[in-house]
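Thanks, everyone, for making time this morning. I would like to walk you through one model, beginning with a strand and its neighbours and ending with a pocket.

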Amino acid sequence: MPRLLILFPCSHLGNLLIALPHLRAMLCAHTDALLVVDERYQALVAQSLPGEQRLLFYPEQALSRSQSLWKRIRRYLAFVRAMRRFKADISVDIEGEQKSATLSRLCGAATRIGPPRRHGRWFYSLSLEPDWQGHRWHSYASLSQPAAPSARYLPLADCPGSDAAVRNLLSGQAENTCLVVHVGATKTYKMWHPEQFASLCQRARRAGLTPVLIGAGHKDRMQIARVQSFLCEPVLDLCDQLTLSELISLLQHSQGYVGNDSGPMHLAAACGIPVVALFGPTDEHIWHPLSDQARVLRWQPCAAKCQRSNCVRDSYPCLQRITVDQVMDTLSELGVIPRPQAQRISR
């Protein structure tokens, strides 16, 4: 059987969660296989693919501009050497971003498969056209060899050590009353207004829930600060305080989740809890959570001339006109808030 190198060093959490069922199917079908993923997601891969050893982690963070150029060159070359030592006969790149395409060219495989892209003949020996008509899960399926049988996330194993750490961070709050709220996103046009998030937190508290703000990095910290500025009493802020395993543990034991279109949205859906996903100019048909317990809210479809970074209607009404009432009603429909209680609050 040929040796298969599976390339998915994508830095986007949501993309990885969508791709993981296909990556597992490929590993199961090929005994001599090696999967390349971003090293920051080691914990997620361990909980999605328990016991899997055929892994090579791409050193994304070690290659950041915060490191000296010489250190970055040495680290990248060391990774490429480790990848080439596998001596792959075939490489498959189902994401097709620049770094995975470059790794395909450098891996040494005679047969290199990937999606069409600019100068694709230099990167791949065989280009396959993905199915761009539906969810990104189907795009990955059209390039996987073989594909996963159903459009669902992989189950995530429990991590008992993380459970204890999360209970300590919650400061005595019961996990089963937590409403996890992610107010950030990679792009500004994906962010619901902080004043709306603040109102949601107040309403959730009156409904007996414990809002918990999550996030990581400067953008999330700034957005959380804006939300807290609209509150008389701050809500629990765990931004930059959770490892990935601890975030998974928090989500697995929480009552529900509300957030913008982002990686944590997909992670919450993969944990099996009720999810309210707030969508603006991004296409929910491509990126909606793969869960029966998830609901997508958007106020109206975008105008034909709208672009993600340029709203012709001004200020993204598709996202910003979603109301707190709509979110609360959706949480009630999902069983996060008992309906009679939610009705009393809305009067």
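Let me begin with a pairing: Val 212 in S8 is the bridge partner of Val 180, where strands are DSSP E runs of at least two residues and helices are H or I runs of at least four, both numbered from the N terminus. Between S7 (residues 178–182) and S8 the chain crosses through helix H8 (residues 194–206), and this β-α-β crossover is right-handed, that is, with the strands pointing away from the viewer, the path from the first strand over the helix to the second runs clockwise.

Before going further, a word on the source: this is a predicted model, in which local features need pLDDT of at least 70 and side-chain atom pairs count only at pLDDT 80 or more, while totals for chains, interfaces and linings use all residues. Residues are numbered from 1 along each chain as its sequence is written, and side-chain values use heavy atoms, with hydrogens and water left out.

S7 and S8 run parallel and are joined by five bridges, and two strands count as paired if DSSP finds at least two bridges between them. On the other pairing of S8, two bridges join it to S9 (residues 236–237), again in parallel, with Val 212 opposite Leu 236. S8, helix H9 (residues 218–229) and S9 also make a right-handed β-α-β unit.

How is S8 (residues 210–214) covered? Five of its five residues are buried, meaning under 20% relative accessible area with a 1.4 Å probe and protein chains only; Thr 210, Val 212 and Ile 214 point one way, and Pro 211 and Leu 213 the other.

Stepping back, these strands belong to an open six-stranded sheet with parallel pairing, in the order S9-S8-S7-S10-S11-S12. S9 and S12 (294–297) are at the edges with a single partner strand each, so one side of each is left without a neighbour in the sheet. Further along, S10 (residues 256–260) and S11 (residues 275–278) run parallel, joined by four bridges, and Tyr 257 has Val 275 as its bridge partner.

Finally, which residues lie nearest the centre of the largest pocket? They are His 12, Leu 13, Thr 186, Gly 263 and Pro 264, out of 49 lining residues. Here a pocket is an open set of points on a 1 Å grid over the protein atoms alone, where a 1.4 Å probe fits, with protein on both sides within 12 Å along at least five of seven lines, and lining residues have an atom within 4 Å of a point. H9 is one of the helices that each supply at least two residues of that lining.

Key. Buried means under 20% relative accessible area, exposed over 50%, partly exposed in between (1.4 Å probe, protein chains only).
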